[in-house]
Each structure stands twice: as C-alpha cells, then as structure tokens.
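Here's a quick briefing for anyone meeting this structure for the first time. Have a look at the model, then read on.

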Amino acid sequence: PKRKCESCLIRTFYCGHHFIEKSKSNNLRYNLLNIIFICRHCHSLHHNFGDTIIHARIQSNRGDNWWQKLQRENKIRKQYWTEKELKNIIEMYEIF
C-alpha cells in the first residue's frame, strides 16, 4: 500500500526523515520513533528553505503522546562499557 506524506497528506512519501536532526540527538539517530515519512516536495522545502510548518503539521498529526515519548527517548543516556567490561568481552570472544 502506498502511504501518504505525513506533512502534506497528498503525495506518496518517498523517504524517512529524522524529525529531530541526527546532529542534535545521537540518542534518536536510530530510533524509529524519530522517523517521519515525507514526500520529495516537503523534504526539499524543509532542507532548502527551513520550512518549520512541516514539523508543526507532523507534531500535530502524531499528537502529544508521540511528542512526549520522543522527548523522553531523547533524554535517555546511553550506557557505555567500562574499560574492564570491554576487556572481559574481548577475552570471552577471543579465538585462538
């Protein structure tokens, strides 16, 4: 089935676009909650002219629950491995 653009609701979408820019949030870079589906026209308007209406429409269409969840996901700090944990993992998987 062909999906419509989440911004204009007219054209068939062609790409998944990060709602919150990758450069502004590593936490949401690979989070599907942060992907919006927009057509080539709306994508071009957003990137070439900084059209903020696109984000406002999508936020309105998806609702407050989606926006609040996206904000919570953005605040989650990723757990990094300690040096000791990394050494243990390496030793566990070393093949001789």
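Helices (H or I, at least four residues) and strands (E, at least two) are DSSP runs, numbered from the N terminus. This is a predicted model, where local features need pLDDT of at least 70, side-chain atom pairs count only at pLDDT 80 or more, and totals for chains, interfaces and linings use all residues. Residues are numbered from 1 along each chain as its sequence is written, and side-chain values use heavy atoms, with hydrogens and water left out.

**Helix H1**
- H1 covers residues 40-49, and Cys42, His43 and His46 are buried in it (buried means under 20% relative accessible area, exposed over 50%, partly exposed in between; 1.4 Å probe, protein chains only).
- Those buried residues line one face of the helix, because they fall within an arc of 105° seen down the H1 axis (the arc is that of the directions from the helix axis to the C-beta atoms).
- Over on the other side of H1, you'll find Arg40, Asn48 and Phe49 exposed.
- The cover over H1's buried residues includes strand S1 (15-18), strand S2 (35-38) and helix H2 (53-62).

**His43**
- His43 counts as buried because its relative accessibility is 18%.
- Not counting residues up to four places away in sequence, His43 touches Tyr14, Cys15, His17 and Ile38 (contact means heavy atoms within 4.5 Å).

**Leu86**
- Leu86 sits in helix H4, which spans residues 83-93.
- Leu86 counts as partly exposed because its relative accessibility is 39%.
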